[in-house]
Amino acid sequence: MTHSLFSTYELGPYPLSNRIVMAPMTRSRAAQPGNVPSPLNALYYAQRASAGLIVTEGAQISPQGQGYPWTPGIFTAEQIEGWRGVAEAVHARGGLLFLQLWHVGRISHPLLQPQGERPIAPSAITPAGQAFVLDEQGQPAMVPFVTPRELDRAEIPDIVSQYVQAAKNALSAGIDGVEIHAANGYLLDQFISSRTNHRTDDYGGSITHRIRILLEVVDAVARVCGSGRVGVRLSPFGTFNDMADDHPEALFETIADALASRQIGYLHIVDPTFEGDPDIRQRGHQLMGEIRKRFSGTLILCGGYDRDRAEAALAAGCADLIGFGRPFIANPDLPVRLQTHAPLNTPDPSLFYGGGARGYVDYPTREQEIGIEPLPDLSDLSSVALK
């Protein structure tokens, strides 16, 4: 049976009205102090509730897990209440919301860490590039990454516990499920990848050892949420944040097998076939075919998809759901626009990170563009803007 973006789907205990997923995107607009989700964030997500599933931006699971300014947390009472407001707003419009659990590991800086400490990582390997921070005067700045501190083995159970507590907090906020972020060069990705994990204990070395913490987190979070309300995000062949692996096919096939046996809600893959050199694209196609065979649960693909490419992936059985990122920024009603072939607004990259309502909740729906509905009144949101 051929499915389309606009056919329904059963995701664990949840019926989805379509197969369009709003992918997680950092927008750096949590209210200050405290990195607390605000009514501005609630409006942003509620505007996009027509997606079959919304996966929120990453929410750091502890103060140590933060890697960028103004990103929301999920570890204080104020943050939990803020996320409750987001969940209620999305549910009021019939939407479904999973919260992405995030620890950045080495992709941080002492200026963002408690007591100015060094970021932690599986191994003390400095990433190439620069960290986005607030300097001593509170102004945005780019500074070189520092060498992280290698986690002592005795500290690892506490990291797992942070994920568990964050999952409990998300459920207590009324959020429908959680996605464990193990992609894009952040902490769990650092553990599973050979470039960033040079440990010699039972969390390093072989693939079995390197994926151990990921599976411990998955198992522990599933005990809290139920496996059907847990997703995992991976980025095979990903190079963002100075990442690589010596044997990515073997690594991600092993992870797919392990996650299939756990019957998690979904596996969310940053599609390696979208860009890169021809060799990587070919290897990516082969790997994705293997993952599809090995992982029998719900598979989400994201990465540069438009309507035609998404429909082709669903028709070919390559995925069950398709994630869209940037198109959702400027098109809060993206499912309607895709279904009706309406033109898409173009987002303004200068407004992606930080700021207030502008470039965040002021993009019009198609009905607002053609005058069927009035534009929203954003005047009452000035108090939660960052600028």
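The crossing of helices α6 and α7 is right-handed, meaning that the near helix is turned clockwise from the far one by less than a right angle. This is a predicted model, where local features need pLDDT of at least 70 and side-chain atom pairs count only at pLDDT 80 or more, while totals for chains, interfaces and linings use all residues. Residues are numbered from 1 along each chain as its sequence is written, and side-chain values use heavy atoms, with hydrogens and water left out.

**The α6/α7 pair**
- Helix α6 covers residues 212-225 and helix α7 covers residues 248-262; they pack at an angle of about 15°, and their axes are 11 Å apart.
- That makes α6 roughly parallel to α7 (angles under 35 degrees count as roughly parallel).
- On the α6 side, L214, L215, V218 and D219 meet I255, A258, L259 and R262 of α7; contact here means heavy atoms within 4.5 Å.
- Sorted by class, that contact of α6 with α7 has six nonpolar, no polar and two charged residues.
- Axes are lines fitted to C-alpha atoms, for helices over the stretch in contact, and angles run from 0 to 180 degrees between N-to-C directions.
- Helices (H or I, at least four residues) and strands (E, at least two) are DSSP runs, numbered from the N terminus.

**The barrel**
- Eight strands make a closed barrel with parallel pairing, in the order β3-β4-β5-β10-β11-β12-β13-β14; two strands pair if DSSP finds at least two bridges between them.
- On average, neighbouring strands of this sheet are turned by 25° against each other, direction ignored.
- Helix α3 (residues 156-172) packs on the sheet and touches β5 (97-102) and β10 (177-181), its direction making about 155° with that of β5.
- Strands β11 (residues 230-234) and β12 (residues 266-270) run parallel and are joined by four bridges, with R233 standing opposite H268 in β12.

**The β7/β8 hairpin**
- β7 and β8 form a hairpin with five residues between them, and G138 in the turn has a positive phi of about 80°.
- Five bridges hold β7 (residues 130-134) to β8, and the two run antiparallel.
- A131 stands opposite V143 in β8.

**A look at R153**
- You'll find R153 in the loop between β9 (149-150) and α3.
- R153 is partly exposed, at a relative accessible area of 35% (between 20% and 50%, using a 1.4 Å probe and protein chains only).
- Leaving out residues up to four places away in sequence, R153 touches R199, D201, D202, Y203 and R212.
- R153 and G276 are 123 residues apart along the chain, and their C-alpha atoms are separated by 36 Å.

Key:
Angles under 35 degrees count as roughly parallel, over 145 as roughly antiparallel, 65 to 115 as roughly perpendicular and the rest as oblique. Ala, Val, Leu, Ile, Met, Phe, Trp, Tyr, Cys and Pro count as nonpolar, Asp, Glu, Lys and Arg as charged, and the others, Gly among them, as polar.
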